[in-house]
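The tour below goes from one selection to the next.

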Amino acid sequence: MKKHRFCAPLAASLLVLVAGPALAQAPAGAAADSHSSHHPTATTSPTPQAELSEGEITRWDPRTLRLTLKHGEIKNLEMPPMTMVFRVADAGVVGDLKPGDKVRFRAEQTNGAYHVQRIEKAP
């Protein structure tokens, strides 16, 4: 049986299929580059972590630390608008907010659960 060698364009195409579209958008030679692309530099723009999503509290249970929000798009989680339950670390995160309050919040996914890290009354 004859051995075949991959040509560079075919190997690159297979790499894109396996690695996904993120690699396809990388500049040429990025895959062969050392670890420089993995480390942020001082010129990197600020992360969108400060970005807050908008919503309304529909339910708050301080006993179980579960907060139900009817929210708009949550960009950092790539989540469309919906109503869902979030967890909070402690009741102090919610403070004196109550159902019916319009809020701005920051949510993160941790260990498969969605947590509100920060929440404030909307202006």
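**Stop 1: Asp101**

Select Asp101 and Lys98: the side chain of Asp101 reaches the backbone nitrogen of Lys98 at 2.9 Å, a polar contact (a pair of N or O atoms within 3.5 Å; within protein, one must be able to donate a hydrogen and the other to accept it, and residues adjacent in sequence count only if both atoms are side-chain atoms). This is a predicted model, in which local features need pLDDT of at least 70 and side-chain atom pairs count only at pLDDT 80 or more, while totals for chains, interfaces and linings use all residues. Residues are numbered from 1 along each chain as its sequence is written, and side-chain values use heavy atoms, with hydrogens and water left out.

Asp101 sits in the loop between β3 (82-87) and β4. Helices (H or I, at least four residues) and strands (E, at least two) are DSSP runs, numbered from the N terminus. Is Asp101 buried or exposed? Asp101 is buried, with a relative accessible area of 7%; buried means under 20%, exposed over 50%, and partly exposed in between (1.4 Å probe, protein chains only).

Now show the surroundings of Asp101. Leaving aside neighbours within four places in sequence, Asp101 is in contact with Gly55, Glu56, Ile57, Asp96 and Lys121, where contact means heavy atoms within 4.5 Å. A salt bridge is a side-chain nitrogen of Lys or Arg within 4 Å of a carboxyl oxygen of Asp or Glu.

**Stop 2: other charged pairs**

By this rule the count comes to seven salt bridges. Select Glu120 next. Its side chain meets that of Arg104 in a salt bridge (3.5 Å, N to O). Glu120 lies in strand β5 (residues 113-121) and Arg104 in strand β4 (residues 102-110), so the pair ties together parts that are 16 residues apart in sequence. Both ends are partly exposed: Glu120 has a relative accessible area of 27%, and Arg104 one of 29%.

Arg118 is partly exposed, at a relative accessible area of 40%.

Move to Asp61 and Arg63, a salt bridge in which the closest N and O atoms are 3.9 Å apart.

**Stop 3**

Centre on Ile119. Not counting residues up to four places away in sequence, Ile119 touches Ile57, Leu67, Leu69, Val93, Val94, Leu97, Val103, Arg104 and Phe105.

**Stop 4: the whole chain**

Zoom out and colour by secondary structure. The chain has two helices and five strands, and along the sequence the pattern is α-α-β-β-β-β-β. Of its 123 residues, 21% count as buried.
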